[in-house]
Amino acid sequence: MRITSTSCICPVLVCLCFMQRCYGAAHHGSIKVTRNQTKHIEGETEVHHRPKRGWVWNQFFVLEEHMGPDPQYVGKLHSNSDKGDGSVKYILTGEGAGTIFIIDDTTGDIHSTKSLDREQKTHYVLHAQAIDRRTNKPLEPESEFIIKVQDINDNAPKFTDGPYIVTVPEMSEMGTSVLQVTATDADDPTYGNSARVVYSILQGQPYFSVDPKTGVIRTALHNMDREAREHYSVVIQAKDMAGQVGGLSGSTTVNITLTDVNDNPPRFPQKHYQLYVPESAQVGSAVGKIKANDADTGSNADMKYTIINGDGSGVFSISTDKETREGILSLKKPLNYEKKKSYTLNIEGANTHLDFRFSHLGPFKDVTMLKIIVGDVDEPPLFTMPSYVMEVYENAKIGTAVGTVTAQDPDTANSLVRYFIDHNTEEDKYFTIDASTGTIKTAKIFDREETPWYNITVAASEIDNPGLVSHVPVGVRILDVNDNPPELAREYDVVVCENAKPGQVIQTITAADKDYSANGARFHFSLDEGLSLNPNFTLRDNEDNTASILTRRRRYSRTTQDIYYLPVLISDGGVPPLSSSSTLTIRVCACERDGRVRTCHSEAFLSSAGLSTGALIAILLCVVILLAIVVLFITLRRSKKEPLIISEEDVRENVVTYDDEGGGEEDTEAFDITALRNPSAAEELKYRRDVRPEVKPVPRHHASSSLDSIDVQEFIKQRLAEADLDPSVPPYDSLQTYAYEGHRSEAGSISSLDSATTHSDQDYNYLGDWGPEFRKLAELYGEIESERTT
């Protein structure tokens, strides 16, 4: 099969197409493909030879963007089996077969029916086969070939990242790299010059240049100054076909901004300035501003202002406002027009961030002179002192002079001054002031012990201009006068033991005085000389503002006298000296051998044992609980017993066993056994107390007359009959045992049952004479006797 390819559009391609056709005819188109053949050699067996492939392919080429009215001829397929009689049929399959590429099945000519774009698809893979038209059997094996889309210059270069924004420092050297731009061309870079791009600058000269091959933009001038021009717009062009005529081009814009460097020193617009400041300006307030201009921006324009010399450097100060870059002039000391009317300052402004590459452009600082004119202002009166401290004695008479304040008009007019107290506080009402002289006097009587210090405010104003007022604080100290006598520092609880010895110190006392220590720091203690000598106690002045109370005899007795009173005279060392008398109360108490107090009164008995209040409360609580338990127990014992028969209808004989011990001789609740012990003592018949009888028992005739002569046996029988006939008794047997002691003895009973009702004639007063060991026993029996008597 022979393959012929024709694709000639432009004169440049005519030669290529001709060469392709010649080359194809010489090498490819005339290749013969024979069918599978079998050779018969005489004397030899049939030998099968491998058939030779009749398809030898090169790539087919088709031009992109074909715009002609007829389909574009691609090439021709031809099989050696084709005799030209139409028996061979050519079939084309693969990418685009039947839609983009069609084949004449008789001649084998291939045409392209559509315009192709290489940038969308560069090649197509197809399969060709020759078959017998009558039998539809393949005459050749299927073979693969490629149709490649041949590029033309139909895409201009593009800057995909544009437009660009870039910065470069001002004053940069010539040739400093700014930015590299890159343009892309969608055409085939392996075929011709369609994708070969060359860069050029259309706008931005002579400030910048671009490398034609690399696209690197560089500065083209020396010392480009940002202050002269800051922004530049550079247009870069990229052209394909190596920049030749007919090539396609694209462009982009590069916006270049020069960044600032510190290449400009600060400069004051003027070399001399003048500022007016009134003398009434407050210390610490801003009185003026000054600024040096700097063409730089940002941190390169930051500066600091200083006062380098001048006669006002101690009166004024300057600081820098970082936002406005201004120098703020402030007042350090008050101004006085009458003393100094003007000041001169030399102010320097210097950059804080220096770039030593441009130090040859310096110095980066500037100096100017500022003259300050002090303005005269009508000022309020000025006190000679910032504050006053005065003194006056307490109890001073009303109208006593305390002190004098003085104020003057600082202006040249020297107007007269008027003084007054505003009386805004309560303390101001204690004083008055002379409006002309400024003398302060008392308006009330003072007591230092109540208020030792007063703070008042005195005001002064000009008579000609009352609106200008100045104030000054005045402190008045109240001096002490010895007008309070000394007294005991506290209430003393003085105790003396019964076993005290003569000369024993039982208490040390101190004194207090409301007056200042200078008028009573030394106290003198003594006993009242107007009284007779005290035989029990004495006083010793320790000469350290304390005194000791001492005993004068050996033993003291609470029974004889339990309280003593000792008058003490206390005097101070003030001028004039004052004294007072106080009485000490001394109690007599029983003490242990080591001196600890055991008891002083009956109410202090428990406290001497060392028991705390909490322990006493706990003991009392336990006693109350025990008493409550005893009362509850007695109440339960005396409560009514429940009947032994629960139901009246149950008439069966029941044997009830219960453990109930009798109370012996004290048990008189159920039966009165006094009659058994002594029948003659029975006065009347008594009924049972454990049940309430519904029917009275059988009456006993002449019971009172026969009691004296009745026999015990007869008495028991009578009781038995009453129990048998009593319908209210329980329906079970009850065993009652009686014992008879006999008639009363003349000596009387020795039982203790009735002993509580008898009164003893014993006198226990003699126990008090047995000495201290039996004193407690005598007190106890004495209390029992008193209770019985009561």
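This is a predicted model: local features need pLDDT of at least 70, side-chain atom pairs count only at pLDDT 80 or more; totals for chains, interfaces and linings use all residues.
Strands here are DSSP E runs of at least two residues, helices are H or I runs of at least four, and both are numbered from the N terminus; two strands count as paired if DSSP finds at least two bridges between them.

S20 and S21 make a hairpin with 4 residues between them, and Arg325 in that turn has a positive phi of about 60°.

## A four-stranded open sheet

Next up is an open sheet of 4 strands, ordered S10-S16-S15-S12, with mixed pairing. Strands S10 (164-169) and S12 (198-203) are at the edges with a single partner strand each, so one side of each has no neighbour in the sheet.

S10 runs parallel to strand S16 (residues 249-259), joined by 6 bridges. Val166 stands opposite Ile256 in S16.

## Helix H6

H6 (residues 712-725) has 14 residues and reaches 20 Å from first C-alpha to last, close to the 20 Å expected at 1.5 Å a residue (the expected span is 1.5 Å times one less than the number of residues). Val712, Phe715 and Glu722 are buried in H6. They cover an arc of only 85° around the axis (taken from the directions from the helix axis to the C-beta atoms), which puts them on the same side of H6.

Buried means under 20% relative accessible area, exposed over 50% and partly exposed in between, with a 1.4 Å probe and protein chains only.

## Ground rules

Residues are numbered from 1 along each chain as its sequence is written, and side-chain values use heavy atoms, leaving out hydrogens and water. Local features need pLDDT of at least 70 and side-chain atom pairs count only at pLDDT 80 or more, while totals for chains, interfaces and linings use all residues.
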